[in-house]
Amino acid sequence: MSKMLKASPQLARRHPWQERLAEDWRVFRGNLLGRIGMGLLILFGLMAVCSYIPPMVNAMYHPMTGVDPLVLKATPPSLRHWLGTDFMGRDIFSQLLAGARVAFMVGVSAAFMAVVLGTAFGMTAGYMGGFTETVLMRLADMIMVMPTLLIILMLAALFGKLNIWTIVLMIALFRWPSVSRVIRAQTLSLKQRPFIDAARVAGASHTRIIFRHIMPNVLPLAFLYMTFRVTAAIVIEAGLAFLGFGDPGTVSWGMMLQWVWKTGHMFTAPYWLLPPGICISLITLSFYMLGRAMDEVLDPRLREEGQRE
Amino acid sequence: MPLLCVENLCIGYHTKKGLLKAVEGVSFSLEAGSSLGLVGESGCGKTTIGMALMGLLPPNGAISEGRILLDGVDLAQLSEEELRQVRWRDVAMIFQAAMNALNPVQRVSWQMTEAISTHRPELSKDELLRQVEGLFQLVGLPLARLHDFPHQYSGGMKQRAIIAMALALNPKLIIADEPTTALDVVVQDQILKETKALQEQFNMGIIFISHDISIVAEVCHHIGVMYAGQLVESGSTDQVFYAPRHPYTQALVNSFPTLTGEKKKLTPIPGEPPNLIGTIPGCRFCDRCPRSEAFCKLEPPQWQEVEAGHRVLCDHC
Amino acid sequence: MSPQPPPINVTDPILALERVSRIYFTKGNIFGRGGQRVVALNQLSLTIGRGEVFGLVGESGSGKTTAGRLIVRLEEPDEGTIRLEGKDITHLKGRQMRDYRRRVQMVFQDPYQSLNPQVSIADSVAEPLITNRIGDPRDYLQRVLEVLNTVGLSPAEDFVYRFPHQLSGGQRQRVAIARAIVVQPGLLVADEPTSMLDASYSAQIFDILLGVRGQMGATIIFITHSLAAARYLCDRIAVIYHGHLMEIGPAASVIANPKHPYTQALIDATPKFGRCEAVPVYGTLLSAPREAADLAGCPFFPRCRRAERLLCSRSYPDWHPAGPEQVALCHFAQPDHGAGAPAPGEACRLGGA
C-alpha cells in the first residue's frame with residue numbers, strides 16, 4: 001500500500017482549514033520577500049507596542065507633551081535621548097515609536113474600510129450586472145480618477161485641521177474603487193463557473209450564492225489588495241501631515257518630517273530627519289513585500305506547479 | 001537499428017512533498033514507419049515521456065537514468081542548444097492543447113513560415129510560402145484560408161494547421177499527445193485517418209499518447225500500456241487488446257463501452273492509482289488487482305514474454 | 001415547414017418538451033451590428049418515460065447541453081413548453097420553483113469546475129438539503145454519509161471533511177452525483193458526466209447512474225457525444241444535429257440499425273473497439289460541405305451524401321418510421337432497406353494497416 005493511502009485517515013482527522021493554512025504558510029515561508037517583509041513588520045509591530053513604555057518611564061519621554069527641561073532645543077543622540085531631541089526638547093525615539101502605532105492604525109484601518117467597501121460594491125456590481133453594475137462602476141470610475149491627496153488637501157483647507165479618523169475615513173472613501181474593480185472582475189469570472197450553476201440547481205438563493213460561493217473565493221484576493229492599500233494609506237497620511245494638514249494632536253512620522261521642515265532643521269539635523277523618513281519607506285516596502293508574497297501564496301497557477309504530472 | 005530506442009528511462013519531478021517518480025524503468029523501441037500508442041490514466045507518466053523525448057520537461061523535472069536513442073544519438077545527454085536543433089527537425093510534437101499552440105495575433109501563414117525559417121534560414125520568402133502551401137494541401141486545409149488568423153479557424157482546422165507545422169521539417173518522429181481530445185467524433189475520425197495516411201506516406205515514426213484505448217487501437221501498430229509510471233504491457237495492437245495478459249490492461253478493456261459486438265456488462269476498476277512520491281516495493285497495481293497475492297506487494301514483478309513481442313510486467317502471466 | 005413532434009407514444013411520460021426553441025444572440029460590434037442569431041434548439045419535441053435512461057446524443061454545438069440546461073431551468077426557452085408530469089414548468093417562479101429543484105437535479109460535465117473549491121465535500125453534498133430545508137439539520141451528516149456510500153465513496157467518513165482538490169477526477173464526479181441525488185430527485189440530467197474523466201473512471205460513473213435508476217427509480221437523461229456510452233447506458237436515444245432532432249428510438253436498434261444519414265455518419269466516425277467482423281460502413285458524410293440553398297430544407301443537407309438537391313434542399317423532411325418505436329427525420333428513411341442499407345463490411349479496422 002502506498003504512503004498516501006496509509007496517511008489519508010490521519011489527513012482526514014486534521015481539519016482541512018488547518019491543512020490549508022499550513023500549506024499556505026509553507027509556501028509563504030519559502031518566499032524570501034515574504035520573510036523579509038514579515039520580519040520588518042514584526043519589528044514595526046514591536047515598536048508600536050513599545051511606544052507605551054517611554055512615557056511610563058518618565059513624563060519627559062511623552063512624544064507629544066513631554067519636554068526635557070534641560071534641553072529645550074534640537075540635540076543629537078545621547079544616552080539620555082537615544083535619537084536626540086526635537087526643537088522643543090521632545091524625545092525623537094519615543095516619537096518614532098508613537099509614529100509606528102499611528103502608521104499601523106491609519107494604514108490598517110483605512111485599508112480595511114476601503115477593502116470592505118470595495119468588496120461589497122464590487123461583488124454587488126459583478127453579481128447583479130445590468131443597471132446596478134453600470135451605476136456602481138461609473139461611480140467607481142469617477143472617484144478613481146480624482147487625485148486623492150489633492151482633494152483631501154482641499155477639504156482640509158476648507159474645514160480646517162482634520163482629525164486623524166476623518167483622514168482615515170477619507171482615504172478609505174477615495175481608495176475603494178480600484179479594489180471594487182478587481183473584485184468585480186473576479187466575481188464576473190466566478191459567476192461563469194459551473195459551480196455557481198450547480199449551486200443554482202441545488203436550490204441556492206442569490207444571497208446564499210453570494211455569501212457562500214462567491215465571497216470565500218473573493219476574500220483572499222480582497223486581503224491581498226488590503227496589504228497594497230495599507231501602503232497607499234500610510235503614504236497619503238504622511239504626505240498630508242508633511243504638508244501641514246495632518247491631525248495636530250497625533251505624532252505621526254509625516255508630522256515629524258513636517259516639524260523638521262518647518263523649524264528649518266532639514267539640512268542641519270539628520271538624526272531628526274532620517275529616522276521617520278527611513279521608517280516610512282521601510283514600512284511601505286514591507287507591506288508591499290508581504291503583498292507580493294501573499295500573491296504567490298494565493299496564485300493557484302504557481303501553487304499547482306509540481307503537483308500535476 | 002530501430003528509429004527510437006528508449007532504455008530504462010526514469011524521470012522524476014522535484015515537488016514540495018518530495019521526489020515524484022513520474023516514470024520508472026520504461027524501455028521500448030520504435031521502427032521507422034511504425035506507430036506506438038501509449039495508453040494509461042492521467043498521471044501514469046505518458047505525457048512526461050512525450051515531453052522528455054522532445055527535451056521539454058518542466059524546470060522541476062529531470063531524467064535521472066536511462067537513454068533515449070534517436071538514430072543512435074542519446075537525447076538525454078544533449079545540451080539545450082543541441083536539443084533545440086533536434087526539436088522540430090527530427091522530433092516534432094502535436095500538443096495536447098493544440099488549440100492554444102497558435103499565436104492568436106499572427107496570421108497562420110506567417111507563423112508557419114517563421115517556424116520553418118528558424119531551422120532553414122537559407123530559404124527565401126517565396127520558397128517558404130510555397131512550402132507552407134504544400135503543407136496546407138497535404139493536411140487538407142483550403143489554400144484560401146492560408147492568411148487567416150487562428151480564431152477564424154474551426155477546432156479541426158487548427159488541429160490540422162498544427163499537424164502541418166509538425167510535418168514542416170520532415171521529422172523522423174512525431175509525438176502526438178491526445179491530439180483529438182477536444183474534437184468532435186466526426187472531426188476526430190478525419191484527423192486520425194489523415195495522420196495515419198501521412199505517416200505511411202512519409203514513413204515516419206509516431207508515438208501516439210492517449211487515455212482512450214479505442215483511438216490508439218484504431219491508429220497504432222504497437223501498444224504500450226502504462227500504469228503508475230511503468231510500462232506494464234507491450235506488444236502489437238492485436239496482442240495487447242485482443243489477448244490482454246496484464247490485469248490492468250484486462251481491466252481497461254473490460255471497462256470500455258463498445259459500439260459493436262454483444263453488449264456486456266462493464267467492470268469498473270476499483271480504487272485509485274498509487275501516489276508516486278516515495279518508493280513502492282512491489283507491484284504498483286496490486287491494490288486494485290483481482291489476482292494479487294501476498295508476495296505481489298513485496299517484490300517487484302518481472303517482465304514475462306508471453307508471445308513473440310508480447311511482454312507483460314506481471315508474475316502471474 | 002417546421003419540425004413536427006416525433007410520432008412515438010410513450011406510456012407514463014414524466015417529462016415532455018413541446019416545440020422548445022432556444023435562440024442566442026451573439027454580441028455585435030460597438031454599433032450593435034454584426035450580432036448573430038444562433039439557434040441552439042429548433043422546436044425540439046421529446047417525451048421521456050418514467051424510469052427510463054434516455055440518451056441525448058450529438059456533437060458539440062448540437063444543442064444537447066442547452067436542452068439539459070432548459071430542463072433543469074438554468075435557462076428559459078424562447079418558445080415552447082416544458083412539462084413535468086403534465087404540469088407546465090416553463091416559467092415557474094418562487095415557491096413552486098423551489099419545489100421543482102427538489103425533483104429535478106443535474107450532474108455537470110466537468111467535476112473540476114462544478115464543485116466549489118472552498119466548500120468541503122460534506123457541505124457540498126448537504127447544500128441541496130439546506131437550501132430546500134429538507135428534514136432535520138441534525139440528520140444531514142448522516143444523510144450525507146449514506147449518499148456518499150451509495151456512490152461508492154467509502155468509508156464515507158474519510159471523505160466528508162476533504163476538499164475537492166484532494167480528490168481524483170472520478171471521486172469528484174461521484175461527489176457531484178451524490179449531491180444531485182441527496183434530495184432523491186425523480187429526474188436526473190447527467191450532462192456528459194464522463195467526458196472530462198479518464199476512460200477508466202467512466203465505467204464507475206455509468207454503474208452509479210444505473211444504480212441510481214435501479215434503487216431510487218429515478219429517470220435519467222444522459223447527455224453524451226459518445227454513441228458507445230449511450231449504447232451501454234440508455235434505453236432510448238435521440239440524436240440531435242444543430243438543434244434539430246434527427247432520429248429517435250431504442251438505443252440498441254438506433255445503433256445497430258441507424259436510418260438517418262447523420263446517425264450513420266456518427267457511427268462511421270466512432271473508433272470501433274472490439275472484434276468487428278461485420279462493421280458496416282455507411283459513408284454518408286460529404287467530406288466537403290456543400291452550400292445550403294434554402295433555409296427551409298433539411299438541416300443535414302449540406303453534409304449529406306445521400307441528399308437529392310431538388311428534394312432535400314427545399315423541403316423539411318417528415319418523420320419516417322425506421323423500425324419498431326424508431327423514427328428518423330429523413331426523406332429516404334425506410335424501415336427495412338433503402339436508405340439504411342449498409343455497405344459491405346470493411347475488414348476489421350482494428351490492428352492498423
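Visitor: What makes helix 3 of chain C and helix 4 of chain C roughly perpendicular to each other?
Guide: The axes of helix 3 (residues 121-131) of chain C and helix 4 (residues 140-150) of chain C cross at roughly 110° and come within 10 Å. Axes are lines fitted to C-alpha atoms, for helices over the stretch in contact, with angles from 0 to 180 degrees between N-to-C directions. Angles under 35 degrees count as roughly parallel, over 145 as roughly antiparallel, 65 to 115 as roughly perpendicular and the rest as oblique. The two helices are therefore roughly perpendicular. Keep in mind that this is a predicted model, where local features need pLDDT of at least 70, side-chain atom pairs count only at pLDDT 80 or more, and totals for chains, interfaces and linings use all residues. Residues are numbered from 1 along each chain as its sequence is written, while chains are lettered from A and ligands numbered from 1 in the order in which they are written.

Visitor: Which residues make that contact?
Guide: From helix 3 of chain C they are C:A122, C:V125, C:A126 and C:L129, and from helix 4 of chain C they are C:Y140, C:L141, C:R143, C:V144, C:V147 and C:L148. Being in contact takes C-beta atoms, placed from the backbone, within 7 Å. The helices themselves are DSSP runs (H or I, at least four residues; strands are E, at least two), numbered from the N terminus. By class, this contact has 9 nonpolar, no polar and 1 charged residues. Here Ala, Val, Leu, Ile, Met, Phe, Trp, Tyr, Cys and Pro are nonpolar, Asp, Glu, Lys and Arg charged, and the others, Gly among them, polar.

Visitor: How do helix 3 and helix 5 of chain A pack, and at what angle?
Guide: Helix 3 (residues 32-50) and helix 5 (residues 92-128) of chain A have axes 7 Å apart and an angle of about 110°. That makes these two roughly perpendicular. By class, their contact has 7 nonpolar, no polar and 1 charged residues. In it, A:F44, A:M47, A:A48 and A:C50 of helix 3 of chain A meet A:L97, A:A100, A:R101 and A:F104 of helix 5 of chain A.

Visitor: Why is helix 9 of chain A called largely enclosed?
Guide: In helix 9 (residues 194-201) of chain A, 6 of the 8 residues pass, so the rest of the structure largely encloses it. They are A:F195, A:I196, A:A198, A:A199, A:R200 and A:V201. Just after helix 9 of chain A, A:G203 has a positive phi of about 100°.

Visitor: What about helix 1 of chain C: how many of its residues are buried?
Guide: In helix 1 (residues 64-71) of chain C, 7 of the 8 residues are buried, so it is largely enclosed too. Following helix 1 of chain C comes C:R73, with a positive phi near 65°.

Visitor: How do you know that the radius of gyration of chain B agrees with a compact globule?
Guide: The rule, over C-alpha atoms, is 2.2 Å times the number of residues to the power 0.38. For 317 residues that gives a value near 20 Å, and chain B has 20 Å, so the two agree. In chain B, 47% of the residues count as buried.

Visitor: How many residues of chain B touch chain C?
Guide: 34 residues of chain B are in contact with 36 of chain C. Helix 7 of chain B gives the most to that side, with 6 residues.

Conventions:
Contact = placed C-beta atoms within 7 Å. Buried ≥ 20, exposed ≤ 12 C-beta atoms within 10 Å, placed from the backbone.
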